[in-house]
Amino acid sequence: MNTQSQIRRPKRSVQHRQKQESETKEARAVARYVRLSPRKARCVVNAIRGKSVDEAFQILQMSPKKAARIVEKVLASAVANAENNAKLSRESLYVSHCVVDDGPRMKRIWIRGRGRADIIQRRMCHITVVVKSKD
């Protein structure tokens with residue numbers, strides 16, 4: 001007999017359960033349809049990626065940008081989800097993953113001379129923050 005036929009892998013449901021148990025706990029929060037340009041929000045999000053939660057809050061509170069106030073709310077929501085749902089302690093949390101994706105665009109008309117018009121695009125974004133435990 002071939003050793004390949006004797007070794008059987010577990011069912012998918014068992015693999016899925018094992019994968020969930022082996023992964024570290026994480027919590028996430030998403031703010032959707034935020035009326036903010038994704039390009040302006042990305043510079044704020046890049047500053048907190050990989051930092052501890054307390055350090056990220058300090059960076060956001062010192063930032064003068066509008067995006068910092070919104071990202072701060074999303075980060076606070078992710079931390080609350082980690083404490084309440086995943087039963088993680090705040091001291092061991094860090095920002096493991098945070099992204100700003102493009103949302104839909106509102107098209108507006110800007111009237112120009114000689115009966116012409118230009119289109120102004122009011123951009124929106126989706127902000128996702130994931131916090132993980134260091135342990």
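Leaving aside neighbours within four places in sequence, C125 is in contact (heavy atoms within 4.5 Å) with A31, R32, Y33, V34, L36, P38, A41, V100, D101, D102 and G103. The model is a predicted one, in which local features need pLDDT of at least 70 and side-chain atom pairs count only at pLDDT 80 or more, whereas totals for chains, interfaces and linings use all residues. Residues are numbered from 1 along each chain as its sequence is written, and side-chain values use heavy atoms, with hydrogens and water left out.

C125 lies in strand β3 (residues 117-133), where helices (H or I, at least four residues) and strands (E, at least two) are DSSP runs numbered from the N terminus. With a relative accessibility of 0%, C125 is buried, the term buried meaning under 20% relative accessible area, exposed over 50% and partly exposed in between (1.4 Å probe, protein chains only). C125 and R32 are separated by 93 residues in sequence, yet their C-alpha atoms are 6.7 Å apart in space.

In helix α4 (residues 53-62), the residues V53, A56, F57 and L60 are buried. Viewed down the axis of α4, these buried residues fall within an arc of 100° (taken from the directions from the helix axis to the C-beta atoms), so they line one face of the helix. Q58 and M62, on the other side of α4, are exposed, while the cover over its buried residues includes α3 (38-48), α5, β2 and β3.

Most residues other than glycine have a negative phi. Y33, in strand β1 (residues 26-34), has a positive phi near 55°. K87, in the loop between α5 (66-84) and β2 (93-111), likewise has a positive phi near 55°, and is exposed with a relative accessible area of 66%.
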